[in-house]
Amino acid sequence: MVTYHDIEVPVEDLLVDPNNYRFQDAPDFVTVSKERFAESTVQERALRRLRDSGLKELKDSIVYNGFLTFERIVVTPYADGQYLVLEGNRRVAALKSLKSDYQAGVDIPQNVISRFAAVPVLSVEGIDEEPDLRLSLMGIRHVGGIKEWGAFQRAQLVTQLRDEHGLDTASVAARLGMTAHEVNRRFRAYKALEQMMDDEEFGDRATPEMYPLFHEAVAGSAIKDWLEWNEAESRFDNLEQLHKFYSLLVSSGEPNDSEGVVSPKITSREAVRDLREILPLQEARRKLFDEGSSYAEALALAKADDLAQSWVTQVAEAVFALRKVGALELRHLDDDSLQEVRALHDLAGELLDLHALYSQTVANSGS
C-alpha cells in the first residue's frame, strides 16, 4: 500500500536520481543499478550533470527568495535513512551546491542555511509496489499538470518588476531564476509590443499573441537599427518605418470588401528572423511592402544571390569528386555510373556552347 508523509530530511540524506530523465539523451548516459545510487562517485556524476544543465539562476532565486516549499520535493525511502528524489532533483542539487558554497566561506542567508538540516519533502512509501506510480508523478508535474506562464505573461512580470518596483536586471534575474540576457530581451520585447498597443493607428489591432514577433524583433541589431531602437527610452524612434513594420503584422482591407481581408504578411518568429535578409536589399524591401506581392516573393528575392551561387559550389564539388576517381575504379564503373558521367559531360558542353553564343552576341551588339 502506498502512503504519503510530510517530513523534513537533511540535504545530505537526499540522493539525486542518477537515472533522471533529463540525463537520458546525453551520448554518454549509462543506466545505474539502484543498488549503487548512494555511492559517492555516482552521486557526484549526477550532481555534475545537473550543474551543467544550469543551476546558477535557481541558486540565485533561493538566495533572494528563500527555499519556497509550495512546490513539493517528492522522495521515497532508499536505505540507511537516505531518500531518493523522485521529483525536485534540480532544487535538491541547488541546495547541495549552496551548502558547499557556505562551507567554502560564501555568505548565505540564515533562512537558507537552516534548510540544509531540514528540507521539507513529501515521502512516498511503498512505491515499489506500484511501478507505474513514479511515471504518474512525473506526468502530473511535467505533462498534464502545472503549466508555465505564457511568454507574454512572463515578460509582463519582468517589466512590472523593473518599472513598478525599480529592480535592476540582475535583481529580476535572481528573483525569477532567469539569465540577465533573457530578462533584458523580454523587457525590450514587452516594451516594443506595448508601444504598438499605445499607437493611435495600430493600437486596436495589437494583441498579446504578437509578443513572440517582438521577442524576435529585438533579438538582433538588424531590425533594431532599422527601426532605431532607443535603449534609454525602451522604444523605437523611427515612426515612419515602424508603421511599415506594423503593417506587416496586421490584416489589411475591410471585412465587407468584395475582395475580403488580406492576411498579415508576418505571422511567425521565423518570418521576423528572415527580415534580416530582406531589409538590406532594396529590391527585396520594395517587394516586401508592395501590397500586390507576398512575403515569400520578397524573401525569394533576398535569397536569389545565394541560390545563384549554390550551383557553382555544387559543380566545384563534382569536379573535385571526379578528380579523386582512381584508375582501378574507372575499370569497374557500371552502366549507371557511366551514364551519370556522360550526362554531366553533355550538360557542361551545352552550357559552354550557350555561354560562347551569349558572349558573341554581346560582342556583336557592342560593335
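## Aromatic pairs

At 12% relative accessibility, Phe 152 counts as buried. This holds for a predicted model, on which the whole of this report rests. Tyr 190 is likewise buried, its relative accessible area being 11%. A pair of aromatic rings is described by the distance of the centres and the angle of the planes. The model contains eight aromatic pairs. One of them joins Phe 152 and Tyr 190 in a tilted arrangement, with 5.4 Å from centre to centre and 35° between the planes. Phe 152 belongs to helix α6 (residues 151-163) and Tyr 190 to helix α8 (residues 180-197), so this contact ties together parts that are 38 residues apart in sequence.

Elsewhere, Phe 214, Trp 226, Phe 245 and Phe 289 are linked by ring pairs into a cluster.

## Charges over rings

Phe 289, a member of that cluster, also has a charged neighbour: Lys 244 lies over the face of its ring, at 5.6 Å from the ring centre. A second contact of this kind involves Phe 187, where the charged end of Arg 162 sits over the ring at 3.8 Å from its centre.

Asp 101 lies in helix α3 (residues 89-103) and Lys 59 in helix α2 (residues 56-65), so the bridge ties together parts that are 42 residues apart in sequence. Asp 101 is partly exposed, with a relative accessible area of 23%, whereas Lys 59 is buried at 15%.

Arg 188 and Glu 231 form another salt bridge, with 3.1 Å between the closest N and O atoms. This pair links distant parts of the chain: Arg 188 is in helix α8, and Glu 231 is in the loop between β6 (229-230) and β7 (235-236), 43 residues apart. Arg 188 is buried, with a relative accessible area of 19%; Glu 231 is partly exposed, with a relative accessible area of 45%.

## A salt-bridge network

The side chains of Arg 276 and Glu 216 meet in a salt bridge with an N to O distance of 2.9 Å. Glu 216 is buried, with a relative accessible area of 3%, while Arg 276 is partly exposed at 29%. Both residues take part in a network of salt bridges that links Arg 185, Glu 216, Arg 269, Arg 273 and Arg 276.

## The second largest pocket

Rolling a probe the size of a water molecule over the atoms shows where empty space is left. The second largest pocket has a volume of about 430 Å³. It is lined by 19 residues, of which Ser 247, Val 250, Ser 252, Lys 265 and Glu 291 are the closest to its centre. Helices α11 (239-249) and α13 (282-289) each supply at least two residues of the lining. By residue class, the lining divides into seven nonpolar, seven polar and five charged residues.

## Backbone features and a helix contact

Two residues other than glycine have a positive phi: Glu 228, with a value near 60°, and Ser 234, with a value near 55°. Glu 228 is found in the loop between α10 (221-226) and β6, and is partly exposed, with a relative accessible area of 41%. Ser 234 is placed in the loop between β6 and β7, and counts as buried at 12% relative accessibility. The loop that holds Ser 234 also contains Glu 231, the salt-bridge partner of Arg 188.

Leu 344 is found in helix α16 (residues 335-366) and is partly exposed, with a relative accessible area of 40%. Its C-alpha atom is separated by 9.4 Å from that of Ala 318, which is 26 residues away along the chain.

Terms used
Residues numbered from 1 in each chain as written. Predicted model: local features only at pLDDT ≥ 70, side-chain atom pairs only at ≥ 80, totals over all residues. Heavy atoms only, no water. Phe/Tyr/Trp six-rings, centres within 6.5 Å; stacked < 30°, edge-to-face > 60°. Helix = DSSP H or I, 4+ residues; strand = E, 2+ residues; numbered from the N terminus. Buried < 20%, exposed > 50% of the residue type's maximum accessible area, 1.4 Å probe, protein only. Lys NZ or Arg CZ within 6 Å of the ring centre and 35° of its normal. 1 Å grid on protein atoms, 1.4 Å probe; cavity = no way out; pocket = protein on both sides within 12 Å on 5 of 7 lines; lining within 4 Å. Points joined across faces, edges and corners; volume = space filled by probe spheres on them. Nonpolar A, V, L, I, M, F, W, Y, C, P; charged D, E, K, R; others polar. Salt bridge = Lys/Arg side-chain N within 4 Å of Asp/Glu carboxyl O.
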